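Please examine the sequence and the model shown below.

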Amino acid sequence: MSDSKSVIVVEDLEVAYGERVVLESINFEVRAGEIFVILGGSGSGKTTLLRNLVGLMRPRSGRILIGGQDFTAMSSDERMEMRRKMGMCFQGSALLGSLSVADNVALPLREHTKLEESTIDIMTRIKLELVGLGGVEDYLPSELSGGMRKRAGVARAMAMDPEFIFYDEPSAGLDPIVAAGLDQLIRTMQSTFNLTSVVVTHEMESVKIIADRVCVLHKGRVVGIGSLDELERSEHPYVRQFFARLPDDLNEIDSAYARSLTAID
Amino acid sequence: MIDLLGRLGRWTREQIAAALQVSVLIVETIVWLVIAPIRGRGFRWRSAVEHVVEFGVRSLPIVGMICFLIGVIIALQASYTLDQFGANRYIADLVAVSALRELAPLMTAIIIAGRCGSAITAEIGTMKVNEELDALQVMGVNPVKYLVAPKFLAMVTAVPAVTAISMFIMIIGGWASAVFVVGVEPVVYVSQTVGSIVEKDLVTGLIKSVFFGVAICWVGVYRGFQVEGGAEGVGLKTTASVVTSIFLIIIVDLGFTVLFYYL
């Protein structure tokens with residue numbers, strides 16, 4: 001894996017909401033065909049980082065090179081073109097509620113290709129079979145379970161046979177069995193199609209199953225990067241705390257301040 | 001004083017930002033409606049037709065019923081005064097001119113703003129909350145092309161079409177009450193109506209209705225894109241959409257009435 005070339009390169013990325021800087025000095029590379037996990041606690045900036053990687057936000061400074069091209073400097077049309085090589089699975093699946101599952105998967109094909117409707121229909125069925133959702137083509141997203149919706153989201157992300165796929169919290173809100181099934185699906189997609197995958201998560205169990213390399217974010221900065229084995233040997237206190245699943249030191253909370261927030265004298 | 005000036009400054013800045021956002025939206029809509037199809041980048045005709053059915057055909061029953069009743073009311077109110085002068089036949093003139101120049105376009109626009117403008121805001125707002133707009137962008141599908149352009153074409157087609165029908169229905173309403181309640185001769189009413197209508201009445205009413213459609217659609221879309229937060233945000237902006245639409249409809253109406261007064 002270490003010999004593979006880097007297909008996503010993030011250089012000195014800084015992202016801010018107004019004056020509030022949420023990501024700074026972010027540098028990492030994602031290699032072709034690997035599953036790269038962005039790991040971090042709530043509010044660490046991992047979803048913001050993912051939104052920058054797929055072009056839903058523009059950084060304040062820094063560059064994101066995808067396939068050697070500067071994604072941050074592209075015109076709107078060039079970005080739209082680049083996005084055809086990308087697929088994204090959203091945390092809440094983000095399927096269009098007014099369309100059936102099949103129409104959701106077919107949407108990118110209808111918008112970007114001139115394929116016959118019969119061909120699109122076949123391709124849609126293949127993608128849905130691929131994620132284990134054969135037979136639910138005519139259902140509305142609201143008629144599916146959470147796990148099925150996420151699988152349908154993967155099928156839609158795969159519709160245009162992308163080179164890169166991004167997952168935002170794929171196993172969040174799912175029971176362990178369904179979550180394990182999704183982890184397996186992410187692995188299968190990567191190994192079958194040699195997809196370069198970027199996964200944002202805070203679930204350590206998923207990370208152990210899917211990750212080739214991991215980037216740990218804390219308070220908007222990268223505090224560790226490497227394979228799971230390398231990170232388990234990390235000396236960084238936050239990485240050690242995260243991997244050992246230890247709580248913050250409650251003594252650090254100002255008890256007088258905490259009392260002032262309640263009605264306790 | 002400084003606080004007041006600060007608030008005024010913030011309000012002005014917000015209004016300028018809103019005007020800029022609406023301008024960008026207008027330009028993008030025109031690009032996806034006119035220029036992009038010429039360059040072969042497609043237009044969602046099927047979606048536009050579906051929206052014409054939703055905005056136009058499905059609005060007809062309620063618009064028709066309200067316009068019929070307003071026709072009845074105007075005729076009865078007119079009779080209250082005209083009867084004293086033995087001039088009940090002129091009820092037809094009053095109903096026809098009111099319907100064509102003012103009431104049918106206005107009532108149609110207000111009902112469609114309440115029924116469809118709010119639906120546009122709720123649809124786009126819910127899509128934004130559920131990350132569906134982000135999903136479209138990541139798939140390389142422009143939300144203005146996919147969502148706004150078909151709705152815009154449908155609205156500027158449906159509102160004048162429904163207005164034309166509602167003009168006719170309002171006149172029928174006037175005819176019904178004038179004939180069956182006031183006692184005007186049916187044939188006299190029809191001949192008075194035909195004699196009182198001039199081409200300009202019809203044209204001004206329909207031109208206004210096109211711009212009412214433009215206002216309803218852009219306000220609905222703009223408010224939808226403004227939604228923040230969850231279901232509460234959708235509710236707030238949907239209400240704001242209807243209020244803003246009706247206010248804009250009245251302003252556009254005033255503008256055209258002044259314009260046509262001098263033409």
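**From one residue to the whole chain**

I66(A) counts as buried, with 24 C-beta neighbours inside 10 Å. The model is a predicted one, and this count was computed from its atoms. The threshold for the term is 20 or more other C-beta atoms within 10 Å, so I66(A) belongs to the buried class. The residue lies in strand β4 of chain A. Leaving aside residues up to four places away in sequence, I66(A) touches I8(A), F71(A), M82(A) and F164(A).

In general, the strands of a sheet pair through backbone hydrogen bonds, and they may do so in a parallel or an antiparallel manner. Strand β1 (residues 6-17) of chain A runs antiparallel to β2(A), and eight bridges join the two. Within this arrangement, V10(A) stands opposite F28(A) in β2(A).

Six strands form an open sheet in the order β6-β7-β8-β3-β9-β10 (chain A), and here the pairing is mixed. β6 (86-89) and β10 (221-226) of chain A each have a single partner strand, so one side of each is left without a neighbour in the sheet. On average, neighbouring strands of this sheet are turned by 15° against each other, direction ignored. Strand β9 (residues 213-218) of chain A pairs with β10(A) in the antiparallel sense over five bridges, and L217(A) stands opposite V222(A) in β10(A). Helix α5(A) packs on the sheet, where it touches β6 and β7 (164-168) of chain A. Its direction makes about 170° with that of β6(A).

Helix α5(A) also takes part in covering another helix. In helix α3 (residues 101-112) of chain A, the buried residues are V101(A), A102(A), N104(A), V105(A), A106(A), L107(A), P108(A) and L109(A). What covers them includes α4 (117-130) and α5 (146-157) of chain A.

How is chain A divided into domains? The assignment gives domain 1 (1-85 + 164-265) and domain 2 (93-161). The C-alpha centres of these two domains of chain A lie 26 Å apart. Where they meet, 10 residues of domain 1 of chain A are in contact with 10 residues of domain 2 of chain A. On the domain 1 side, helix α6 (residues 176-193) of chain A gives the most, with five residues. The residues of that side divide into seven nonpolar, two polar and one charged.

Is L182(A) buried or exposed? L182(A) is buried, since 22 other C-beta atoms lie within 10 Å. Beyond the residues up to four places away in sequence, L182(A) touches G147(A), K150(A), P170(A), S171(A) and L174(A). Of these, S171(A) is 11 residues from L182(A) in sequence and 6.9 Å from it in space, C-alpha to C-alpha.

The whole of chain A can now be described. Its secondary structure comes to 10 helices and 10 strands. The radius of gyration of chain A is 20 Å, close to the 18 Å that the globule rule gives for 265 residues, so chain A is as compact as a globular protein of that length. Taken along the principal axes, the C-alpha atoms of chain A fill a box of roughly 70 × 45 × 40 Å. Buried residues make up 38% of the 265 residues in the chain. Among contacts in chain A between residues at least 6 apart in sequence, 65% join residues at least 24 apart.

Finally, chain A has a contact with chain B. This contact takes 16 residues from chain A and 11 residues from chain B. The side of chain B that touches chain A has four nonpolar, four polar and three charged residues.

Terms used. Residues numbered from 1 in each chain as written. Chains lettered and ligands numbered in written order. Predicted model: local features only at pLDDT ≥ 70, side-chain atom pairs only at ≥ 80, totals over all residues. Contact = placed C-beta atoms within 7 Å. Nonpolar A, V, L, I, M, F, W, Y, C, P; charged D, E, K, R; others polar. Domains from an automatic or database assignment. Helix = DSSP H or I, 4+ residues; strand = E, 2+ residues; numbered from the N terminus. Buried ≥ 20, exposed ≤ 12 C-beta atoms within 10 Å, placed from the backbone. Rg over C-alpha atoms; globule rule 2.2 N^0.38 Å. Pairing = 2+ DSSP bridges. Axes fitted to C-alpha atoms, helices over the stretch in contact; angles between N-to-C directions.
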